[in-house]
Every structure is written in C-alpha cells, then in structure tokens.
Amino acid sequence: RRSASTDPASDPASVGGGPGERGRLEVRELAKSFGAQQVLRGVTLSVEPGSTTAIVGPSGSGKTTLLRLIAGFERADAGMVVLSGRGLAGGDEWVPAHHRDVGYVAQDGALFPHLTVGQNIAFGMDRATGARARRATRTRVAELLEMVSLDAALAERRPHEISGGQQQRVALARALAREPELMLLDESFSALDAGLRVATRRTVGAVLRDAGITTVLVTHDQAEALSFADQVAVMRDGLLAQVDSPLEVYTRPVDRATAEFLGDAV
Ligand code: ADP
C-alpha cells in the first residue's frame, strides 16, 4: 500500500522513473478548494506509461475535480502535475488545457450537436485548407472511426442520429485525434445500458492499450474498476485512501466502504 508523500518533490525532472518517459503521469500533493470547501487535500498518484488507473470512491469525494486539474480545466491551489517529465502545473508552471497532450471524455461524450460525426472528430485536428488537406482529414477521420469499431459511413450523421454507445465511441475518436499521451475518462460509459457498456468498454480498452496511451478513468462500476485497470485508486474525502492493484484492493480493502463497493462485483 502506497501512502501519500509528505515531501513533495519540487523539481518535475526528479519525479518518477525516467524524467522524460513518455506517458508517465505524476501527480504530487494536489490541493484544491472551492470557497471554504477543501475538495482535494493533497493527492499524490503515479501512473506508469501505457497503464490504466481506475479512480473509485463516493460521490463528492473529488474524483472529477482531480481529472479536471490533470486536464487543465481548473488550476490547483497547490501541488503539481507532471506528464512525460514535463511540468504541466505547479510552481511557476502552467500549460493550458489545449496545449496538453491529454484527451478527456466526459460522461455524456459532449459532442457538438450541430456538427456531423466527422466534423466532431476533425475538430481537434489541424485545420485543413485546400482539397488535398481535406482529403487527408477525411482519411484520418475514417481511420479513427475504424479504430473505435464504427462504420465510416457514420461520419455524415449528426450525434442525435446515432446511439449512445456510438456517441461515446465518437467522443473517444475525437479525443484520440489529438494523439494524446494521456486519456482521461470521466464515467464515460456509465450512461450506457449494461450490454452496451461492456462492449464499449472492451473496444475502448483495446484501442487505448494498443495505442499505448496512459489512461485514468473515474468509475462507479466495480466490474470496470476490477477488470479494466492495472491500478485502483480509492478516493475518500479529497484524499487517496488506497492505491493498489485491483487484486490487492479487492482482497485487502482499506476500509469497509471500499470492501462493500467492490464486494458488489461478485
Ligand atoms: P466526485 O467526482 O467524486 O463526485 P467532484 O470532484 O465532482 O466529486 O466534487 C467534489 C466536491 O467539489 C463536491 O462537493 C462538489 O460540489 C464540489 N465542486 C466541484 N466543482 C465545483 C465548482 N466548480 N465550484 C464549486 N464546487 C465544486
């Protein structure tokens, strides 16, 4: 069982294994308050390149806030975020969200309703001008659709003309279009019905693993945490109470609530 460091390193290059190791995520002593409410109270987490970490914990414990800080949608009050040896936040460093090699897929996918599937996916890519560049974009969109097991013909549809599971896959394709080093999934499959959830989770898991993309996901789904992740992080009241392998968290849960949560999976 790893516990939070009491001596936060201040030099990004000194954190983790190889300083510049692509896809390694290091979060150190991250703190965040909204008004008087302290939502994160010193969160420390290491994620190996290409691995998947599931964050579990009760509603309101700070899981989404942690993802949003890693993505750069919010600024932390203290602590730091280092990806691939590059300081993204902390000290004097601040890299805005759109300059981070980070993909984010929200619970509802959040596709732009007025754009086609193809336009949604191309949105994050370099703006193409000229017929040749437009062709290249179309080819890349078709490639990305294939990666997430969707028919290329869907590119012409609008989000409301495809199913929820398909929308989630399009949201993933859009996030993948930026070729991120890190993918953040915030309960991305929870709105889907059980069968679709399993199928979508499998597809997405395979895509991310094959691409070697480091993944951090927030989930309320025990089976997802246990089957999908290399590492499970248990959030309690703004702190990580336990960070361990799924087997370790399952057989030696840090507290009763975690035991009950994971116990439901069997
Ligand atoms: P979780 O994802 O574990 O359910 P969140 O990170 O969404 O938890 O929220 C943790 C707490 O922070 C909640 O009490 C929530 O109301 C509060 N919170 C989150 N974002 C904001 C915000 N932008 N402004 C004020 N309070 C917020």
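This is a predicted model: local features need pLDDT of at least 70, side-chain atom pairs count only at pLDDT 80 or more; totals for chains, interfaces and linings use all residues.
1. Numbering runs from 1 along each chain as its sequence is written.

2. H220 sits in the loop between β9 (214–218) and α6 (222–228); helices (H or I, at least four residues) and strands (E, at least two) are DSSP runs, numbered from the N terminus. H220 counts as partly exposed because it has 14 C-beta neighbours inside 10 Å. For the cut-offs, 20 or more other C-beta atoms within 10 Å is buried, 12 or fewer is exposed, and partly exposed lies in between, with C-beta atoms placed from the backbone. I55 is 165 residues away from H220 along the chain, yet their C-alpha atoms are 8.8 Å apart.

3. On to the sheet. It is open, has 5 strands in the order β2-β1-β4-β5-β6, and pairs antiparallel; pairing takes at least two DSSP bridges between two strands. The edges are β2 and β6 (93–94), each with a single partner strand, so one side of each has no neighbour in the sheet. Helix α1 packs on this sheet, touching β1, β2 and β4, and its direction makes about 115° with that of β1. Here axes are lines fitted to C-alpha atoms, for helices over the stretch in contact, and angles run from 0 to 180 degrees between N-to-C directions.

4. Strand β1 (residues 25–34) has 7 of its 10 residues buried, so it is largely enclosed by the rest of the structure. Antiparallel β2 (residues 37–47) is joined to β1 by 8 bridges, with V27 opposite L45. Their hairpin has 2 residues between the strands, and G35 there takes a positive phi near 60°. Towards β4 (residues 78–83), also antiparallel, β1 makes 5 bridges; E26 has V82 as its bridge partner.

5. Last, the ligand. Its surroundings are F34, V39, G57, S59, G60, S61, G62, K63, T64 and T65, counting a residue as near if its C-beta atom, placed from the backbone, lies within 6 Å. Helix α1 (residues 63–71) gives the largest share of that shell, 3 residues. By class there are 2 nonpolar, 7 polar and 1 charged residues; Ala, Val, Leu, Ile, Met, Phe, Trp, Tyr, Cys and Pro count as nonpolar, Asp, Glu, Lys and Arg as charged, and the others, Gly among them, as polar.

Definitions and conventions:
Two residues are in contact if their C-beta atoms, placed from the backbone, lie within 7 Å.
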